[in-house]
Amino acid sequence: MPLSPTELDRYRRQMQLPGFGEAAQLQLKNTTALVTGVGGLGGTAALYLAVAGVGKLILVRGGDLIRDDLNRQVLMTDDWVGKPRVYKAQQTLAALNPDIEIEAVCEYVSADNIDELVQAADIALDCAFDFKERDLLNGACVRHGKPMVEAAMNSMEAYLTTIIPGQTPCLTCLYPEKPNWDRWGFGVLGAVSGTLACLAALEAIKLITGLGDPLLGQLLTMDLARAEFTKLRTFHDHDCPVCGGISHHPKKTANRQLATAAP
Ligand SMILES: [Zn+2]
């Protein structure tokens, strides 16, 4: 379906970007993005996907809002404390952009729901708070051949990469032994989770539209206390228990892979 006059108006400034235009906007409109862990990281990433015009967002997050979420969860409001976060995220994003569809799933990622969630999406953003959910999403993305933007942080450090099954290392290749990050154990500034969230949303937008160069096979590490950014090549473990058996298509671009997945 072509862009409506309202959509042409809403996205005019980004369609002016060289190499973007109406074609890229339509690719965004025809994409469903899954965001797991809609907190300081996932909520802010979802915000930028919503205003960019990603046609459908599936937001997955269990639990109720607590007051100490409010230093970083910018989709929330103080009067929502005690109520399920994911419905407030849906409400805020719908008010920002009524032209997109937003599905809210008030559950944590589990072995029971992950395959259905991933199959319904063209791309996933991994913004979960623990490696249990991250591993479940990674495994499902590999099984169903869906690209995944992997964003993680610990205190003032942040990590970002983009995974395309069969083409790049997967999360298990990167972290065969899981870092011992305590969900409650580190302090967090909203500006840090927000920085990483913007970069994660940008990775997704680049992958969907073909704009620029996503972080394929590269891990961007950020020490935000020192404003130091480093790009590392990631190691593809061909004996990886998760992605080791997947065939490789080095010529296939991310954009082409998405284009075949998106109707
Ligand atoms: Zn792997």
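Analyst: Of the 263 residues of the protein chain, 43% count as buried, a residue being buried if 20 or more other C-beta atoms, placed from the backbone, lie within 10 Å of its own. The model is predicted: local features need pLDDT of at least 70, side-chain atom pairs count only at pLDDT 80 or more, and totals for chains, interfaces and linings use all residues. Residues are numbered from 1 along each chain as its sequence is written.

The protein chain has 10 helices and eight strands; these are DSSP runs numbered from the N terminus, helices being H or I of at least four residues and strands E of at least two. Its radius of gyration, taken over C-alpha atoms, is 17 Å, close to the 18 Å that the globule rule (2.2 Å times the number of residues to the power 0.38) gives for 263 residues, so the chain is as compact as a globular protein of that length. The C-alpha trace spans about 50 × 40 × 40 Å along its principal axes.

Now the strands. Two strands pair if DSSP finds at least two bridges between them. S7 (residues 218–223) pairs with S6 (residues 157–163) in the antiparallel sense, over four bridges. There, Leu160 has Leu220 in S7 as its bridge partner. S7 is also joined to S8 (residues 228–233), again antiparallel, by six bridges, and Asp223 is bridged to Glu228 in S8. S7 and S8 form a hairpin with four residues between them. In that turn, Ala227 has a positive phi of about 55°.

Note on methods: Buried ≥ 20, exposed ≤ 12 C-beta atoms within 10 Å, placed from the backbone.
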